[in-house]
Amino acid sequence: MTNQYFIIFSALGSICALLFAVFMARRALSFSEGTDRMKKIASFIRQGANAYLRRQYSVVLVFFGCMFAVLCLMAALGFLTWFVPFAFITGGFFSGLSGFVGMKIATASNSRTANACRESLNSGLQVAFSAGTVMGFTVVGLGLLDISGWYLLLKYVFGLPLNDITAAMLTFGMGASSMALFARVGGGIFTKAADVGADLVGKVEAGIPEDDPRNPAAIADNVGDNVGDVAGMGADLYESYVGSLISSCSLGVIAFGYIESVDNLSAFAVPMLIAAVGVVASIIGSLLVRTGESTDQMNLLRALRRGTNTSAVIIAVAAFPIVWFLLGSSYIGLYVAILAGLFSGVLIGRFTEYYTSDTYVPTQNLAASSVTGTATLVIDGLSLGMRSTMLPVLTVSGCILIAYYVSGLGLEEAARNAMGLYGIALAAVGMLSTLGITLATDAYGPVADNAGGIAQMSGLDPVVRERTDALDSLGNTTAATGKGFAIGSAALTALALIASYVEKVETLAPEMALDMSVMNPVVLVGIFVGACLAFIFAAITMGSVGKAAHSVVLEVRRQFKEIPGIIEGTADADFARCVDLCTRASLKEMVVPTLIAVGVPIVGGLLLGPAGVIGLLCGATASGFLLAVFMSNSGGSWDNAKKYVESGHYGGKGSKNDKSAIVGDTIGDPFKDTSGPAINILIKLLSMVSIVFATVVVNFHIFG
């Protein structure tokens, strides 16, 4: 069977992933929801999450309608092919669908996880992890389905050559990135506004426990876990996954265009087959995840590592014959590039784990700083986040150098450069090849968090909350690890997309002398603007959380003051009011950051030209990568430092030190769940928009 049939294996991989997601969903739903009280609380959370997504999608629909009209106009004027507007729509649709499916299973599994924890810790882990697995395999299944479908359509229905197919497929990444940014920013604002409001008034001011049914923001907080950490994360990782695949396919076709002895279809096939094998590897790894009854974090981490490490080993073994038989022994350096990406992903996960888990010294020391007050805890948390950027940067830098140089060994300069960039793109594919299980270990965390809230509000035995808290604490670490994977792969994918942009500009205007030197003033200006953009984006999203949280804080205070009997537990709080406040605030505030991400590369390109855009993309990628790592790790460490204190260290729950830790966690919430994870989408969306609007920029720019 020749390599032209690789798409069959990719499609089979997609089907396997989706069938396994269905199997795991039925497994999770086979467990009991528990008592009537547990079912009632779970229904409140489910209704709030569904209502939010309906309203969010109505806003997103307007944006996609406007962008579709703009892209159709550009196609009518000859700046784009007519495939681009429709590719944009499908990218956004599948990205949103990934998050929607993940949220539906998460809201159906939270009470089941709490009820399973009444039996044992392992039972709770199995339910929560099954729900997370549905998210992971839905993302990879829909990603492979989207790419395979477009390839079959463009190849066998419209008869396009391979170069035109990859050029068209690059553009549906813009739709996926746009949807992901809406989902991450909107969901992140919702969840952190509710979380901050619930913690500041409930835990700090009123002195009541977390997820206490007397807190008017308690349900909104649990809804936020689903719309931000599940629906937002699903759309985010879908975008990361397909972005790495289509950029590597595109650069592979370009690279092997210089090589007569190898069909460039083989270069297209390699990342698709690795992704398909990654599905099988992730299925095997996910079946190995189980634990005993110890709530020790190292025991729980070992249970998850057993699955992720097994999947990584399978990919490392399987990638060799894929490269050898499709490309030949002369290009085995590309296999080394895949290994470099896979190994770098594991390293970034471990570094993130080291800086954010309370099993290790950095977070334990951060918890200890609560003894001297809130100010020192905040200062130490900022310091920890800044310090944590060094190892991921060195890891990604090493990965880039290894992938570039081993991939182009023995080739002439033009071919060596193209092959090196293909190697970097394959490194990103290697890093995300086991996304099915990696995302499962991430997505189960919000389910466990919700389970803890339901256990608290249902008045279950304290041992149940102890078990859900152990799973939740582990979920904070795995969530930070998942963000590390997404950020690391974003840096590699963004670099590959920048290379695709350069290639497109050179194809559109071969006569243009594209000066990318740092001595070119438009490149320098672009670098400064791009570097600033990540900070402006973070500032806007952080400010949005502050505004939304302000309204929630005032509402919770009002209810405590005006509704008699809430604190005593004799009257019910108005949960719906806080859910509505968070929904309206998040939908209003999510629009501006997305418009900035879409508008800046277009306006910047028209002013500075293609060289300025390249500078802008480089500056945004460098500063965005650092800022995202810093914010994610600071926030994760503050969160687990609070849990470390509340587990009985440094005064324990309710102590003065605990209140300091809660403030630190509150500051870290928008760091790790709103601004930080959205930045990695930003740097890829900038590149995608630049590629789509490259023809306009080439023809109408002012400087450069």
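Because the model is predicted, local features need pLDDT of at least 70 and side-chain atom pairs count only at pLDDT 80 or more, while totals for chains, interfaces and linings use all residues. Residues are numbered from 1 along each chain as its sequence is written, and side-chain values use heavy atoms, with hydrogens and water left out.

A search of the whole structure gives 16 salt bridges, a salt bridge being a side-chain nitrogen of Lys or Arg within 4 Å of a carboxyl oxygen of Asp or Glu. One of them joins Lys192 and Asp195, with an N to O distance of 3.1 Å. Both residues belong to helix α6 (residues 172–205) and sit three residues apart, about one turn of the helix. Helices are DSSP runs of H or I with at least four residues, numbered from the N terminus. Lys192 and Asp195 are both buried, where buried means under 20% relative accessible area, exposed over 50%, and partly exposed in between (1.4 Å probe, protein chains only). Lys192 and Asp195 are also part of a salt-bridge network that links them with Asp639, Lys643, Asp669, Lys672 and Asp673.

Arg465 counts as buried because its relative accessibility is 12%, whereas Asp469, at 25%, counts as partly exposed.

The salt bridge between Asp665 and Lys642 (3.0 Å, N to O) is formed across two helices. This pair links distant parts of the chain, with Asp665 in α20 (residues 656–692) and Lys642 in α19 (residues 591–646), 23 residues apart. Asp665 and Lys642 are both buried.

The largest nonpolar core contains 233 residues, and Phe256, Phe268 and Tyr422 have the most contacts inside it. Such a core is a set of buried Ala, Val, Leu, Ile, Met, Phe, Trp, Tyr and Cys residues joined through side-chain atoms within 4.5 Å. Beyond residues up to four places away in sequence, Phe256 touches Val262, Asn264, Ala267, Leu327, Tyr331, Leu334, Met419 and Tyr422; contact means heavy atoms within 4.5 Å. Another core, of five residues, lies apart from the largest one and includes Ala312, Ile315, Ala316 and Leu342.

Two single residues come next. Thr395 lies in helix α13 (residues 390–407) and is buried, with a relative accessible area of 11%. With neighbours within four places in sequence left aside, Thr395 is in contact with Ser344, Leu347, Ile348 and Phe351. Ala509 is in the loop between α16 and α17 (521–562), and its 4% relative accessibility makes it buried. The C-alpha atom of Ala509 is 7.4 Å from that of Val698, although 189 residues separate the two along the chain.

The second largest pocket holds about 590 Å³ of space. Among its 26 lining residues, Asn163, Asp164, Ala167, Lys504 and Thr507 are the closest to the centre. A pocket is an open set of points on a 1 Å grid over the protein atoms alone, where a 1.4 Å probe fits, with protein on both sides within 12 Å along at least five of seven lines; lining residues have an atom within 4 Å of a point. Grid points are joined across faces, edges and corners, and the volume is the space filled by probe spheres set on the points. Helices α3 (83–117), α5 (162–170), α7 (218–255) and α16 each give two or more residues to the lining, and α5 supplies the largest share, six residues.
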